[in-house]
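Dear colleague,

I am passing this structure on to you, and I would be glad if you could look it over before reading my notes.

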Amino acid sequence: MSIPEYLREDLRTIWLRYNGLVPDQQLREFIAVVTGEPQPDRGPVTVQDGAGLDFIYGADPNSGTQLVFIELESALHWAPVMVAAEIAGTWGRFEELDPGATSSSLRESLAERSRYPDFESFRDRQPNWDSDEDEDADAARDEAEQTEAGLREAYADLRCPDQRGPLDDDEVNRSDFYTWESDGLVEFFDPNLEMCNTMPEAIRRKVDDYRDAGRLLAALERVRESVVEEDEDDDD
């Protein structure tokens, strides 16, 4: 039986929320009925795609004392992206340093919300009608010197990301993404939000002090999750 990906994600959320709060076998039987997939007696359920929920943890750099627990899989995905965003300096270099397609996806997300997502849309007077009207950006197009060089110069002078999409030479820093995320323009990695979304509900209900590593580790072990401590020598 094949189920939609969104439903698998919903079931994974249910597993996280109720693991440790309701009888384990009852929860596994529920997932088996919905998915049509036999569930193992112990270990990861099938909606976890065969992988256990492994955590990596370390001190929250903002507080210095509170611990942050992040899914290892998520950390492995986002760590190189975060480093690249911090050291790249420009969008072009960011995409060169990013080993995956996350940087390109972030760039596309910003462009899709701008008045002129790319140079071609600016040149051809085809603004993004889903964006807010921007008389200044439209006027810049009409007033630009009607040559390739003149239009490109006028496009580069527009504000990013509200008037145009990012260009290779545009400066970018990791802190920019948190601003854009708060504005609803991109989805970027937030360790504390990630922890809220993945920490089993059974633990969140019992542990109110995220500075007590021993208590947290013991609680995670009770719901059969594994944890790896972040290397203190790791800059990120």
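What follows is an account of the chain as a whole, then of a charged patch, then of one loop.

This is a predicted model, in which local features need pLDDT of at least 70 and side-chain atom pairs count only at pLDDT 80 or more, while totals for chains, interfaces and linings use all residues. Residues are numbered from 1 along each chain as its sequence is written, and side-chain values use heavy atoms, with hydrogens and water left out.

The chain has 12 helices and 5 strands (DSSP runs of H or I with at least four residues, and of E with at least two, numbered from the N terminus). Of its 236 residues, 39% count as buried, that is, under 20% relative accessible area with a 1.4 Å probe and protein chains only, where exposed means over 50% and partly exposed lies in between.

On the surface, E5, E9, D10, D49 and E73 gather in a patch of negative charge (Asp and Glu count as negative; patch residues have over 30% relative accessible area and no salt bridge, a side-chain nitrogen of Lys or Arg within 4 Å of a carboxyl oxygen of Asp or Glu, and like charges are joined within 9 Å). Helix α1 (residues 5-18) gives the largest share, 3 residues, whereas D49 lies in the loop between α2 (24-35) and β1 (54-59) and is exposed, at 60% relative accessible area.

Elsewhere, D132 sits in the loop between α6 (119-123) and α7 (135-143) and is exposed too, at 67%. D132 and R115 are 17 residues apart in sequence, with 7.0 Å from C-alpha to C-alpha.

With best wishes

Note on methods:
Patches are made of residues with over 30% relative accessible area and no salt bridge: like charges are joined within 9 Å, nonpolar side chains (Val, Leu, Ile, Met, Phe, Trp, Tyr) within 5 Å. Accessible areas come from the Shrake-Rupley method with a 1.4 Å probe; for residues, only the protein chains shown count as cover. The place of a charge is taken as NZ of Lys, CZ of Arg, CG of Asp or CD of Glu.
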